[in-house]
Amino acid sequence: MRKFFQEIKADLKFKTAGPGQKLSEPSRVPKEKPKAEAAPKPRQGPTDEAQMAAAAALARMELKPKAKLPSSQEAIKNQVRKELMAEAAASEKELSAEEKDLAPPDQEGAAAPSVSGVYFICPLTGAVVRKDKKEKHIREAIQSYFSVDPVAASIMEIHTFNKDREKVRVGVETMAKYLDNIYLHPEEEKYRKIKLQNKVFQERISCLEGIHRFFQAIGFETKTLPVPEQGKKSKKTTEEYYILKEEMLTKLEDLKDYKEQLLSSEPVRAQLDRQLCVFKPSPEAARFELPSDFYNLTAEEIKREQRLRTEAVEKASMLRTRAMREKDEQREMRKYNYTLVRVRFPDGYILQGTFYARESVSALYNFVREALRDDWLPFELLGPGGLKLTDENLAFNECGLVPSALLALAWDAAVMADIQASGEEQPASPLKPELLSRVQTLS
């Protein structure tokens with residue numbers, strides 16, 4: 001029976017030779033030499049049970065190599081496909097959950113978001129509004145400002161609601177020339193008239209939102225004037241003009257001021273609300289649950305990202321340089337508009353704030369310094385793995401600190417030693433008392 005299985009084993013070696021190996025023929029397998037003093041006995045055929053056992057062993061051995069032989073490329077592709085399927089499923093969940101962000105979680109066991117959304121502070125009203133309400137609020141605030149200062153309000157409209165900055169620049173500079181001509185040549189009637197159908201006016205000025213309200217606010221009125229006849233055959237027609245009111249000729253210095261305001265103004269931009277929070281020491285500090293406001297992707301863009309990642313399957317099986325990998329990492333970081341950062345102090349207390357993903361790390365240092373009782377104390381911020389954030393000019397996304405990050409604060413050892421040596425009584429926490437008065441528990 002042992003000889004029988006040895007022959008089967010030799011036959012299996014012939015059948016299951018791996019790639020690159022020479023197939024060994026059964027006839028080349030060395031056989032045991034029969035002993036001279038003992039004549040070989042005739043071999044009996046294997047029993048039915050032995051045949052069944054041998055067949056099962058053969059099947060197992062044939063299947064086993066097949067599971068071990070896929071190439072490295074196939075293994076990579078299979079893994080990437082699994083990741084794509086998982087990401088596609090996750091993105092579908094994100095899309096379906098976007099409408100639920102405004103509602104507080106009411107399901108038992110559901111993780112509460114680390115912040116309820118991204119908020120902004122309106123510079124005109126001081127109100128704190130959610131990201132998706134920001135543009136509407138600013139528009140309403142500017143409209144309300146017309147009752148206070150119509151010239152300033154119309155200039156805000158021009159600079160804020162026209163997104164093409166180059167068109168705004170060209171239009172504003174052209175208007176400034178009109179006002180300059182009036183200021184320098186008040187006796188010339190032709191400079192006090194602007195034909196609305198003029199090609200330059202139509203292409204550079206009339207297309208801008210807020211422009212007509214500006215002309216009205218600075219003393220122009222709309223009039224329809226006849227066009228002089230040009231030859232016997234031409235018919236008399238009319239044209240619409242902006243005409244400067246006569247009383248404005250006594251207020252030429254005002255026109256000059258309006259021109260300067262128009263040239264120097266900037267768009268009304270809401271300020272990102274940091275949503276400063278202070279938490280007690282907690283083991284949950286590294287856990288983040290972010291709302292969809294933090295992501296720079298619409299539903300269509302998410303689908304496009306899935307398609308691009310599907311096309312990247314072939315790329316994943318290639319040998320890629322470090323520069324290529326870093327470029328892809330930066331592309332991933334650009335998906336986020338904002339980042340939620342937590343700074344853990346040596347006493348365990350946690351300071352949290354919201355930042356733009358492309359904002360420089362210096363903003364974080366200023367944010368922490370403003371929260372300190374003694375803002376002169378030198379400190380360092382340590383990223384994941386204890387990496388020091390020494391270059392404050394780098395952006396959060398360039399440091400890999402998006403869409404969230406937990407950092408550690410470390411005091412200057414020499415300064416702290418001097419403070420302790422002085423014997424002065426130190427406060428329990430370096431944070432300002434007004435912040436500690438509203439400390440929260442991190443859930």
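What we have is a predicted model, in which local features need pLDDT of at least 70 and side-chain atom pairs count only at pLDDT 80 or more, while totals for chains, interfaces and linings use all residues. Residues are numbered from 1 along each chain as its sequence is written, and side-chain values use heavy atoms, with hydrogens and water left out.

Let me begin with the strands, where helices (H or I, at least four residues) and strands (E, at least two) are DSSP runs numbered from the N terminus, and where two strands pair if DSSP finds at least two bridges between them. Strand E5, residues 237–244, pairs in the antiparallel sense with strand E3, residues 193–195, over three bridges, and Lys195 stands opposite Tyr241 in E5. Strand E4, residues 220–227, also pairs with E5 in the antiparallel sense, over eight bridges, and there Thr224 stands opposite Glu240.

Now to the rings: those of Phe, Tyr and Trp (its six-membered ring) pair if their centres lie within 6.5 Å, and planes under 30 degrees apart count as stacked, over 60 as edge-to-face and the rest as tilted. By this rule there are 14 aromatic pairs. One of them joins Phe201 and Tyr242 edge-to-face, at 6.2 Å centre to centre with 70 degrees between the planes. Because Phe201 lies in helix H7 (residues 199–205) and Tyr242 in strand E5, this pair ties together parts that are 41 residues apart in sequence. Both Phe201 and Tyr242 are buried, a word that stands for under 20% relative accessible area, with exposed meaning over 50% and partly exposed in between (1.4 Å probe, protein chains only). Ring pairs also link Phe201 and Tyr242 with Phe214, Phe215 and Phe220 into a cluster.

What sits over the ring of Phe120? The charged end of Lys134 does, 4.3 Å from the ring centre, and Arg342 lies over the face of Phe288 at 4.2 Å from its ring centre; the rule here is that NZ of Lys or CZ of Arg is within 6 Å of the ring centre and within 35 degrees of the ring normal.

Finally, the backbone. The peptide bond from Val402 to Pro403 is cis, with omega near -5 degrees, and Pro403 is placed in the loop between strand E10 (379–382) and E11. Gln275, although not a glycine, has a positive phi of about 50 degrees; Gln275 is found in the loop between strand E6 (271–272) and strand E7 (277–279), and is buried, with a relative accessible area of 17%.
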